[in-house]
Amino acid sequence: MTPYERSKIILRFADLLEKHSDEIAALETWDNGKPHEQAAKAEIPMLIRLFRYYAGWADKIHGLTVPADGNYHVQTLHEPIGVAGQIIPWNFPLLMFAWKVGPALACGNTIVLKSAEQTPLSALYVSKLFHEAGLPPGVLNVISGFGPTAGAALASHMDVDKLAFTGSTETGKIVLQMAAKSNLKPVTLELGGKSPFIVCGDADIDKAVELAHFALFFNQGQCCCAGSRTYVHESIYDEFLEKAKARAMRRVVGDPFRKGVEQGPQIDSEQFEKILRYIRSGVESGATLESGGERFGSKGYYIQPTVFSNVQDDMLIAKDEIFGPVQSILKFKDLDEVIRRANTTRYGLAAGVFTQNIDTANTLTRALRAGTVWINCFDVFDAAIPFGGYKMSGQGREKGIYSLNNYLQVKAVVTSLKKPAWL
Ligand SMILES: NC(=O)c1ccc[n+]([C@@H]2O[C@H](COP(=O)([O-])OP(=O)(O)OC[C@H]3O[C@@H](n4cnc5c(N)ncnc54)[C@H](O)[C@@H]3O)[C@@H](O)[C@H]2O)c1
């Protein structure tokens, strides 16, 4: 179909998302356990915005004419890559669906998307809306299934032309190998992180406390880019710590459908147990437990908002991705030191910088080895902003203009010219 027709279908889909946003937000909370207010007020609007953004791209994708030596007319065609295989995780079921499906459809591909086994519900529901919007049968295929079977089948399939994966670094390595061993399909990977959140001595402390809290605890701490290493300058460390602890203790945990609740349960028993093991490891390795540290209540996979101080870089809680509501606060003395320490990680997804000094901000921006640097803000996920990791946080970028290349082939067409009027 023409790009304009594709664009109109995606726009109609966005309208349907808007129309059904109440039940979609409820489904997302049922599926994942995240606070309903978060799904309704933050995530569903972002979902709709992202599809409208990519609807706008559908009819603006084109190649170039290229000047070359000799009597030739040279052009590039930007073709759809073909069948896109997409594997997504459970922490943001619909946003991850959008980051994958939006650009792939805008570029004219067909899709087989596998949702995470913990959260199959909302992706199925919105796919039905896509068909209502006029997407022909067979273009978007959503399957529910387990990783080592359904996911592996996609990664190693000879007729899948491109693979986009979001999940753990461990699984990312497995699917990359599968792609290499099958048909060498290109792979984009969005993987784990251990992002530093750096609070300089001149920062607005109250704002920094609130944003550091948000950076870590948002979505039950289940964010790949969570600010999970809070580095605080020694001159403000004590004040920051007291306030960060007080903020964590005020965090409202409970039934995600209840108004005002900030934190729901973790996704499943496996993650719940893993987080509690990391909390025990923090205590055993000598970090100071300032607040939380235990299960919240006696029913469901709820965990108390937990804050550790006196965290050292070589502790497991400072090195591994915990993926839970556990904030680690570390002290630093000077800029060179914090740059070195922030970069000493196998990950490189994101970083937060809090300072009122533009020179400090500029120095840190260029020195930090991370795919996103947020300055005096965090978790800004506009559809146009590329997202992805350095090092073992992944390969390639999603969102924005950068995602289009993931779903296109470039064909060079060279035509011999007999009597060119000009070259
Ligand atoms: N970078 C990002 O944008 C981003 C976003 C969300 C989550 N994550 C990362 O994901 C992790 C948590 O999610 P998880 O536990 O669901 O990760 P996971 O890697 O186990 O699962 C992610 C997806 O991969 C599938 N999968 C699992 N094993 C597979 C296999 N052998 N072959 C093919 N597919 C397989 C799963 O079914 C699921 O759909 C965290 O480490 C987090 O940082 C990263």
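This is a predicted model: local features need pLDDT of at least 70, side-chain atom pairs count only at pLDDT 80 or more; totals for chains, interfaces and linings use all residues.
Reader: Which residue does glutamate 262 form a salt bridge with?

Author: General idea: side chains of opposite charge can pair when their charged atoms come close. Here a salt bridge is a side-chain nitrogen of Lys or Arg within 4 Å of a carboxyl oxygen of Asp or Glu. Glutamate 262 pairs with arginine 251, with the closest N and O atoms 4.0 Å apart. Both residues sit in the loop between helix H9 (237-250) and helix H10 (269-284), 11 residues apart; helices (H or I, at least four residues) and strands (E, at least two) are DSSP runs numbered from the N terminus. Arginine 251 is buried, at 11% relative accessible area. The two also belong to a salt-bridge network with Glu210 and Arg247.

Reader: How many salt bridges does the structure hold?

Author: There are 17. Take glutamate 18 and arginine 52, whose closest N and O atoms are 3.0 Å apart. Glutamate 18 is in helix H1 (residues 3-19) and arginine 52 in helix H3 (residues 36-58), so this pair ties together parts that are 34 residues apart in sequence. Glutamate 18 is partly exposed at 43%, and arginine 52 is partly exposed at 28%.

Reader: How far apart are the closest N and O atoms of arginine 341 and aspartate 313?

Author: They are 2.6 Å apart, in another salt bridge. That pair links distant parts of the chain, with arginine 341 in helix H12 (residues 335-343) and aspartate 313 in the loop between strand E11 (306-309) and helix H11 (316-319), 28 residues away. Arginine 341 is buried at 11%, whereas aspartate 313 is partly exposed at 28%.

Reader: On to the ligand: which residues come nearest?

Author: For a shell like this, a residue is near a molecule or strand if one of its heavy atoms lies within 4 Å of it. Of the 28 residues around the ligand, the nearest are Trp90, Glu117, Ser168, Leu191 and Glu321. Helix H6 gives the largest share of the shell, 4 residues.

Reader: And which backbone atom is 2.8 Å from a ligand oxygen?

Author: A polar contact is a pair of N or O atoms within 3.5 Å; within protein, one must be able to donate a hydrogen and the other to accept it, and residues adjacent in sequence count only if both atoms are side-chain atoms. The atom you want is a polar backbone atom of isoleucine 88. Glycine 167 places a backbone N or O atom 3.2 Å from a ligand oxygen, and glutamate 190 has one 3.4 Å from a ligand nitrogen.

Reader: Last one: why does the ligand lie between domain 1 and domain 2?

Author: Domain bounds come from an automatic or database domain assignment. Domain 1 (3-191 + 389-413) and domain 2 (196-375) both give residues to the shell around the ligand, so the ligand lies between them.

Notes:
Residues are numbered from 1 along each chain as its sequence is written. Side-chain values use heavy atoms; hydrogens and water are left out. Buried means under 20% relative accessible area, exposed over 50%, partly exposed in between (1.4 Å probe, protein chains only).
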